[in-house]
Amino acid sequence: MDGGGTHRTPEDVFRDFRARRAGMIKALTTDVEKFYQQCDPEKENLCLYGLPNETWEVNLPAEEVPPELPEPALGINFARDGMDEKDWLSLVAVHSDAWLLAVSFYFGARFGFDKESRKRLFSMINNLPTIYEVVTGTAKKQVKEKHPKSSSKINKSGTKPSRQPEPNSRGPKMPLPPKDEDDSGGEEEEGEEHEKALCGACNDNYGQDEFWICCDACETWFHGKCVKITPAKAEHIKHYKCPNCSSSSKRARA
């Protein structure tokens, strides 16, 4: 991906990321036998490269110093025969995810992305399953969890959420947590990004690939994992109270 004096956008870098990622996923899934054979432990340090045309290659690292792009993990072939194949592929997948992020943010720095551009780039990347999740099957499990049976309190990913909850509604809550009041209102072009609320427990941002639940008492949203509520458990909860509201109720009765 050459700058060539042309203005590059986060979308351009994301397309490069997505193409390289597709190539590496092929190496670790549909082309896994070919990939396994090419990673001969008897050879020198080998690396797995994802290419911008959605293909992959196993090759020696670049000789120039510093290299044109960040280099992937060296010597992936040396661990091949000393590990269970699934564990080895998972390890290569983790290093591949790290390399893809390094390459994308190298381009971001090279093309002079500001804070909002970097944020937009990461948001697009984060909406895709990682290579590790694809290789280990975690991505499929998450899809099943994200589409439970209908519930008034859970966030179902995969559908475009409405921008704000219905005021004074006693019916099912809208899927998207309410807009974070601390977000800046002057950056309308990033409106969708700034609508992401914060988890009431860990204070982390809302993500479309995560299961959320809303407290019926204080209207605060939480990651299911932070309050130990699974999609299956939420199906049987008619009126959910977060830990803070539950504690307050107990103190009031006492």
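Read along the sequence, the protein chain runs α-α-β-β-α-α-α-α-α-β-β-α-α. That comes to 9 helices and 4 strands, where helices (H or I, at least four residues) and strands (E, at least two) are DSSP runs numbered from the N terminus. The model is predicted: local features need pLDDT of at least 70, side-chain atom pairs count only at pLDDT 80 or more, and totals for chains, interfaces and linings use all residues. Residues are numbered from 1 along each chain as its sequence is written, and side-chain values use heavy atoms, leaving out hydrogens and water.

Start with the whole chain on screen. Of its 254 residues, 37% are buried (under 20% relative accessible area; exposed is over 50% and partly exposed lies in between, with a 1.4 Å probe and protein chains only). Among contacts (heavy atoms within 4.5 Å) between residues at least 6 apart in sequence, 57% join residues at least 24 apart.

**Stop 1: H1 and H4**

Select residues 10-28 for helix H1 and 115-126 for helix H4; they pack at an angle of about 30°, with their axes 9 Å apart. That makes H1 roughly parallel to H4. Axes here are lines fitted to C-alpha atoms, for helices over the stretch in contact, and angles run from 0 to 180 degrees between N-to-C directions. Angles under 35 degrees count as roughly parallel, over 145 as roughly antiparallel, 65 to 115 as roughly perpendicular and the rest as oblique.

Now show side chains. On the H1 side you will find Pro10, Glu11, Val13, Phe14 and Phe17, which meet Ser117, Arg120, Leu121, Met124 and Ile125 of H4. By class, this contact of H1 with H4 has 7 nonpolar, 1 polar and 2 charged residues. (Ala, Val, Leu, Ile, Met, Phe, Trp, Tyr, Cys and Pro count as nonpolar, Asp, Glu, Lys and Arg as charged, and the others, Gly among them, as polar.)

**Stop 2: H1 and H3**

The contact of H1 with H3 has 12 nonpolar, 2 polar and 3 charged residues.

**Stop 3: an aromatic cluster**

Next, pick Phe35, Tyr36, Trp56 and Trp88, which form one aromatic cluster. The structure holds 8 aromatic pairs; rings of Phe, Tyr and Trp (its six-membered ring) pair if their centres lie within 6.5 Å, and planes under 30 degrees apart count as stacked, over 60 as edge-to-face and the rest as tilted.

Phe35 and Trp56 make an edge-to-face pair, 5.9 Å centre to centre with 80° between the planes. Phe35 sits in helix H2 (residues 32-38) and Trp56 in strand E2 (residues 56-59), so this pair ties together parts that are 21 residues apart in sequence. Phe35 is buried at 0% relative accessibility, and Trp56 is buried at 11%.

Turn to Tyr36 and Trp88: their ring centres are 5.7 Å apart and their planes stand at 90°, so this pair is edge-to-face. Tyr36 lies in H2 and Trp88 in H3, so the pair ties together parts 52 residues apart in sequence. Tyr36 is partly exposed at 26%, whereas Trp88 is buried at 1%.

**Last stop: Gly82**

Finish in the loop between E2 and H3, where you will find Gly82. Gly82 counts as exposed, at 70% relative accessibility. Select Pro41 too: the C-alpha atoms of Gly82 and Pro41 are separated by 9.7 Å, although these residues are 41 residues apart along the chain.
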